[in-house]
Amino acid sequence: MSTWLINATQATIDGLIDGGIYAWIGLGLSLSFVTLRRLNLAYGATALFGIYGGLWLHQKWDLPLPVLVVVIVVITLVATAYVELLCFRGRTTVSAQSGPRPAGEIQNAEIVAMAASFAIWMQLEQVAVNLLPRHLQAFPSIAATSEWAIGEIYIRYDRGLLAVMGLLCCWLTAKWLAHSRTGLRFRAATDHSLAARLSGLRVDRVQRHAFYLAGGLSAVAACSVLLLDGQVTPMFGMWMLFKGLVAAWLLGGHSLGSVMGGGLLLGLIESYAQWLLGAQAREFVLYALLFVLLVRQAPVGWKGLTA
């Protein structure tokens, strides 16, 4: 096998593995934005706050790993409830239109909520840093110490398992929303909110529960990633937000299923960029994609603004 083909195969495998992880990270953001039309810019910050709060307690009482994960999820849910209360409660949009709005179409109340969530992002991040001032924090690691070797191709099976778990979580969540009564209520509250209210459905409550679910998913995904990385910095929250946004929007953001393809595509693009152009190109590609997606969404978003 030629060197070029070996490198291309390695880049493809690495990209697919990273892409599965990105899909899991973007799942919660996709649920809150695509299903509920709520772009929560504090998405990564709530997970970061939960992680730093859990680590702070872990350093004081040496919590067992399962207890630490549960504590992180609980703290993240508390932070998610805080964001929902201050930024999104009471801003539910009731529309008489049938069918879902375009992914980028937003209204004035949602613009205000999004801006408020940015302010809460800064607040939560600062509180987390005040809890643990050091830039680099150790996180309990269960990463494998070896790799699978297939000829000259190397696979980190722990990250591969994490990617499979992420894709499976996305698929199961999509199936649950499509076929369960709870999923039906979520979709009715989003796509036909006025009809849902007239039918007696408490739209605000349904959206609030879905928002909490998105927060819980973000905490589980964050813990899974850090259990293999073994360390965390204050930049982790922004990393989660940017990866999640690109994964959710790359293929249009019209369904939860698109986050799976978007995550895989993002992983492949980053991996090929690193292979062909170097490590710095990997980060440049992410920011370039985010910029293009924001520009692409802007005309639809401004079109949806109401006076």
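Predicted model: local features only at pLDDT ≥ 70, side-chain atom pairs only at ≥ 80, totals over all residues.
I will start with charge. Side chains of opposite charge can pair when their charged atoms come close. The count here comes to 7 salt bridges. Take D18 and R282 to begin with. Their closest N and O atoms are 2.7 Å apart. How many residues apart are D18 and R282 in the chain? D18 sits in helix α1, residues 3-35, and R282 in helix α11, and the two are 264 residues apart. D18 has a relative accessible area of 11%, so it is buried. R282 is at 14% relative accessibility and counts as buried as well.

Next, E270 and K243. Their side chains meet in a salt bridge of 2.5 Å, N to O.

A network of salt bridges links D18, R159, D229, K243, E270 and R282.

One more salt bridge, D158 with R156, has its closest N and O atoms 2.9 Å apart. D158 counts as buried at 10% relative accessibility, while R156 counts as partly exposed at 29%.

Now the aromatic rings. A pair of aromatic rings is described by the distance of the centres and the angle of the planes. The structure holds 9 aromatic pairs. In one of them, W176 and F186, the ring centres are 5.8 Å apart and the planes are at 85°. Why is that pair called edge-to-face? The cut-off for edge-to-face is over 60 degrees, and the planes of W176 and F186 are at 85°, so the pair qualifies. W176 is in helix α5, residues 157-179, and F186 in helix α6, residues 181-191, 10 residues apart. W176 is partly exposed at 34% relative accessibility, whereas F186 is buried at 4%.

Then F242 and Y287. Their ring centres are 5.8 Å apart with planes at 85°, which makes the pair edge-to-face. F242 lies in helix α9, residues 236-249, and Y287 in helix α11, residues 279-303, so the pair ties together parts 45 residues apart in sequence. F242 counts as buried at 16% relative accessibility. Y287 is partly exposed at 41%.

There is also a cluster, in which ring pairs link W4, Y272 and W275.

On to helix α10, residues 257-277. This helix has 21 residues and reaches 30 Å from its first C-alpha to its last, close to the 30 Å expected at 1.5 Å a residue. Its buried residues include G262, G263, L266, G267 and E270. E270 is the partner of K243 from the salt bridge above. After α10 comes G278, with a positive phi near 105°.

Last, the surface. Which residues make the nonpolar patch of about 260 Å²? They are V70, V74 and V78. V78 is in helix α3, residues 65-88. An α-helix has 3.6 residues a turn, so residues three or four places apart point the same way. V78 has a relative accessible area of 54%, and therefore counts as exposed.

Notes: Residues numbered from 1 in each chain as written. Heavy atoms only, no water. Patch = residues over 30% accessible without salt bridge, like charges linked within 9 Å, V, L, I, M, F, W, Y side chains within 5 Å. Areas by Shrake-Rupley, 256 points an atom, 1.4 Å probe, with all protein chains shown as cover. Salt bridge = Lys/Arg side-chain N within 4 Å of Asp/Glu carboxyl O. Helix = DSSP H or I, 4+ residues; strand = E, 2+ residues; numbered from the N terminus. Buried < 20%, exposed > 50% of the residue type's maximum accessible area, 1.4 Å probe, protein only. Expected span 1.5 Å × (residues − 1). Phe/Tyr/Trp six-rings, centres within 6.5 Å; stacked < 30°, edge-to-face > 60°.
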